[in-house]
Amino acid sequence: MRVRLSIMGYFLAEGWESAKRNVSLISLGTMAVSIFVLGVFALILMNLSNVNNHLRSSIEIRVYVEDNLTRQGLEALKQQIEGIDGVDGVTYVSKDEGLNRLVKQLGEKAGLVDILGENPLPDAFDVRVFNADSTGDIASRISDLPHIIGVNYGQGFTEKLLATTRFIAIAALALAVILLGATVFIVGNTVRLSLHSRAQEIEVMKLVGATDWFIMWPFMIEGMILGFMGSSISGVLLYAGYRVCIGRLGPVAPFLPVIAEAAPVARLCVSLVILGVLMGVLAGGVFTKKHLEI
Amino acid sequence: MLIRFYNVTKVYPSGATGLVSVNTAIRKGEFLFLVGPSGAGKTTFLKLLTREIVSTRGQVLLNGRNITRLRPGEVPYLRRMVRMIFQDYKLLPNKTVYDNVAFALMVTEKPRRRIRPLANEALKLVGLESKAEAYPDELSGGEQQRVSIARAIVGDPTVLLADEPTGNLDMETSWDVMEVLLRVNRRGTTVIMSTHNAAIVDGLRQRVIELDSGRIVRDDEKGVYEGEAEYNGILPG
């Protein structure tokens, strides 16, 4: 399907004229809202995935050891742990240092420690791993070593977060299919108006031997223009809206690991515009082809 | 032979019969009249040649190629070789005479530099070069039909099909249109024309195929209309 430049100029002019003639505020608005909602879901997913990554990168295994170990025994155990595949580093946390950390974490309720009298905490190691996915495996291998009385790495939490993210991703995908379907339908209906208003022209084109592709091109370009307009509106609103939200949220909750950089959000908005354009072209092509077969 | 019908039968989905076991052959450069009462199968005969419809049985051959077997993507190229004109002209009202003719060249992707000379040549052949900038509704019926002929012949098709092209015209204008069709035929284009106009058929004495209830009932080399016809008694002088 080779298209000459002069012919492409004709397609563009025809597509633009049709789009101008048939576009309505309602169709553009509905399309923009559909793509906007899609974008909101994508942003939620991106942020959840960001939170997930953040948490996973900060996962450490706390290994508690028996009280009566000598310095040499502790050193030997540390080396054994470091020798396990996937372990990035091991830090010794003495029972006193452990208590200090606990006091800091408890804050106002630090008085609880005084009630206990003596330091109840055992000596421990903090173990960092290269890959968060292998945390469970490594923890289980550590617990098999001698003199270990317990390991703790927030079992179950990351799994739950991952499951939640997966659920939202599936829901968003289902929604995306529906919303993209709506976009195709809206563009398709507008293109159908053009097809009706140019029915006579199409009849003549078929009569004199224009190919289906030749007839379809202007309508696909019309769809592309409509898709571009609708998705650009939503892309701009989404980008601006997100920046405003982040601007407000930042000072209130600085600890939240949300995406604050502009680039990933801008990339998402550009992707949405490209998606809108592709959906528009697809809708223009499919609806015209269907019309030509009648 | 340019065109052959082998045992062609067309039954429409409604059950109506278009053609029944039609066998015929048409030479290149021939001028052929299709006559017969309404519903005899004349339009079916023509539409089979443009692949607007496909035969139920049998083969329609053009230049030895069975066009009933064409893939959908090949049909447009057939229609550049086999063009058709109609009783109602099918001109685009918002385009000038020139643009209507040039449109056929543009949508069949002729290079831009060739469009103007070819469109002007076609308009000259039908005698309308002076009305190139007029719109269809500013022209008489005969002139509009001549524009539609110009549009049909502009890509130099092998066959020109005319479905009752003088059906809406008075006798004098009809002869003007016939003169143009003969001129097109003399350039080498095969012309197949369905008509109810006995004066024209009798006046020109070309090959005549008569259809009745989908069957060929007569095929005369230099035939006349016969049967019931619109005979106005005005013969060319």
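In which sense do strands β1 and β4 of chain B pair, and over how many bridges? Strand β1 (residues 3-11) and strand β4 (residues 57-62) of chain B pair in the antiparallel sense, over five bridges. Please keep in mind that this is a predicted model.

**Chain B overall**

- Chain B is built with seven helices and ten strands. Its radius of gyration is 17 Å, close to the 18 Å that the globule rule gives for 237 residues, so chain B is as compact as a globular protein of that length.
- If you are thinking about a box, the C-alpha atoms of chain B fill one of roughly 45 × 45 × 30 Å along the principal axes.
- Of the 237 residues in chain B, 41% count as buried.
- Take the contacts in chain B between residues at least 6 apart in sequence: 70% of them join residues at least 24 apart.

**The six-stranded sheet of chain B**

- Six strands of chain B form an open sheet with mixed pairing, in the order β6-β7-β8-β3-β9-β10. Its edge strands are β6 (82-86) and β10 (215-220) of chain B, each of which pairs on one side only.
- On average, neighbouring strands of this sheet are turned by 20° against each other, with direction ignored.
- One parallel pairing in chain B joins strand β7 (residues 159-163) to strand β8 (residues 190-194) over five bridges. Here B:Ala162 stands opposite B:Met193 of β8(B).
- Which strands does helix α6 of chain B lie across? Helix α6 (residues 171-186) of chain B lies across β3 (31-35), β7 and β8 of chain B, and runs at about 150° to β8(B).

- B:Arg4 is found in strand β1 of chain B. With 17 other C-beta atoms within 10 Å, B:Arg4 is partly exposed.
- B:Arg4 and B:Val60 are 56 residues apart along the chain, yet their C-alpha atoms are separated by 5.8 Å.
- Leaving aside residues up to four places away in sequence, B:Arg4 touches B:Ala25 and B:Leu61.

**Positive phi values in chain B**

- As background, most residues other than glycine have a negative phi.
- B:Asn63 has a positive phi near 55°. It sits in the hairpin of β4(B) and β5(B), which has two residues between the strands.
- Is B:Asn63 buried or partly exposed? B:Asn63 is partly exposed, with 13 other C-beta atoms within 10 Å.
- B:Tyr89 has a positive phi too, near 65°, and its place is in the loop between β6 and α3 of chain B.
- B:Tyr89 is buried, because 20 other C-beta atoms lie within 10 Å.

**Helix α8 of chain A**

- In helix α8 (residues 199-208) of chain A, the residues A:Val204, A:Met205, A:Leu207 and A:Val208 are buried. These four cover an arc of only 160° around the axis, which puts them on the same side of α8(A).
- The face of α8(A) turned away from the buried side carries the exposed residues A:Ala199 and A:Glu203.
- What do the buried residues of α8(A) pack against? Their partners are α9 (212-252) of chain A together with α2 (75-81), β6, α3 (97-106) and α5 (141-153) of chain B.
- A:Gly209 follows α8(A) and has a positive phi, near 100°.

**Where chain B touches chain A**

- The contact takes 15 residues from chain B and 14 residues from chain A.
- On the side of chain B that touches chain A, the elements giving two or more residues are α2, β6 and α3 of chain B. The largest share of this side, four residues, comes from α2(B).
- By residue type, this side of chain B divides into seven nonpolar, one polar and seven charged residues.

Note on methods
Residues numbered from 1 in each chain as written. Chains lettered and ligands numbered in written order. Predicted model: local features only at pLDDT ≥ 70, side-chain atom pairs only at ≥ 80, totals over all residues. Pairing = 2+ DSSP bridges. Axes fitted to C-alpha atoms, helices over the stretch in contact; angles between N-to-C directions. Contact = placed C-beta atoms within 7 Å. Buried ≥ 20, exposed ≤ 12 C-beta atoms within 10 Å, placed from the backbone. Arc of directions from axis to C-beta. Nonpolar A, V, L, I, M, F, W, Y, C, P; charged D, E, K, R; others polar. Rg over C-alpha atoms; globule rule 2.2 N^0.38 Å.
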